[in-house]
Amino acid sequence: HAARHDVGSVIHTHTRCGMAVSCMKVGLLPITQTAMRFADIKYHDYESVAIDLDEQQRLVADLGQSSAMILRNHGLLTVGPSTAEAFNAKYWLEMACRSQVDVMACGVYINFPSQAIVDKTFNLYQPHVRRPFGLMEWPAMLRYLDRRDASYKT
């Protein structure tokens, strides 16, 4: 938060598929539209349990101006100007990881789109091109949670 004034929310998770992709030397592959959104994904090498304050500087440097980072052998991290935007990025990054794990589990040759298509798709997900993703969806997500289990508010 202190390093990037455009960041109002940071989300870090250890999901099954996020951890699986974090262990893959190839990283996140641009094999689905969802994964292409993260064509500029950054990586941070595992340094053990994050208790060393010196690692903060390296995390910030590795993230740069990106909104998503894969923490090698660890998990996923997303940031955004708001919780809505950071959560939207986290949700879709997780979906990209799930798709990759599923595809790779099939043991078949993977169809890769051209770099031009990856670049075009990545560009279309930039907040200044169409809209900041997450803001429009967030109120509906909160209403869903309210109906399902409002205890998240406490």
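Modeller: In general, the strands of a sheet pair through backbone hydrogen bonds, either parallel or antiparallel. In this predicted model, four strands form an open sheet in the order S1-S4-S3-S2, with mixed pairing.

Colleague: Which are the edge strands?

Modeller: They are strand S1 (9-13) and strand S2 (42-44), each of which pairs on one side only. From one strand to the next, the twist averages 20 degrees.

Colleague: How many bridges join S2 to strand S3, and do these strands run parallel or antiparallel?

Modeller: Three bridges join S2 to S3 (residues 68-71), and the two strands run parallel. Within this pair, tyrosine 43 has isoleucine 70 of S3 as its bridge partner.

Colleague: Which strands does helix H3 lie across?

Modeller: Helix H3 (residues 55-63) lies across S2, S3 and strand S4 (75-80), and runs at about 160 degrees to S2. Helix H4 (residues 83-105), for its part, lies across S1, S3 and S4, at about 150 degrees to S4.

Colleague: Where is tyrosine 46 found?

Modeller: Tyrosine 46 is in the loop between S2 and H3. Leaving aside residues up to four places away in sequence, tyrosine 46 touches Arg72, Asn73 and His74. Tyrosine 46 and cysteine 23 are 23 residues apart in sequence, and their C-alpha atoms are 10.0 Å apart in space.

Colleague: Why does tyrosine 46 count as partly exposed?

Modeller: The range for that class lies between 20% and 50% relative accessible area. Tyrosine 46 counts as partly exposed because its relative accessibility is 43%.

How values were computed
Residues are numbered from 1 along each chain as its sequence is written. This is a predicted model: local features need pLDDT of at least 70, side-chain atom pairs count only at pLDDT 80 or more; totals for chains, interfaces and linings use all residues. Side-chain values use heavy atoms; hydrogens and water are left out. Two strands pair if DSSP finds at least two bridges between them. Axes are lines fitted to C-alpha atoms, for helices over the stretch in contact, and angles run from 0 to 180 degrees between N-to-C directions. Contact means heavy atoms within 4.5 Å. Buried means under 20% relative accessible area, exposed over 50%, partly exposed in between (1.4 Å probe, protein chains only).
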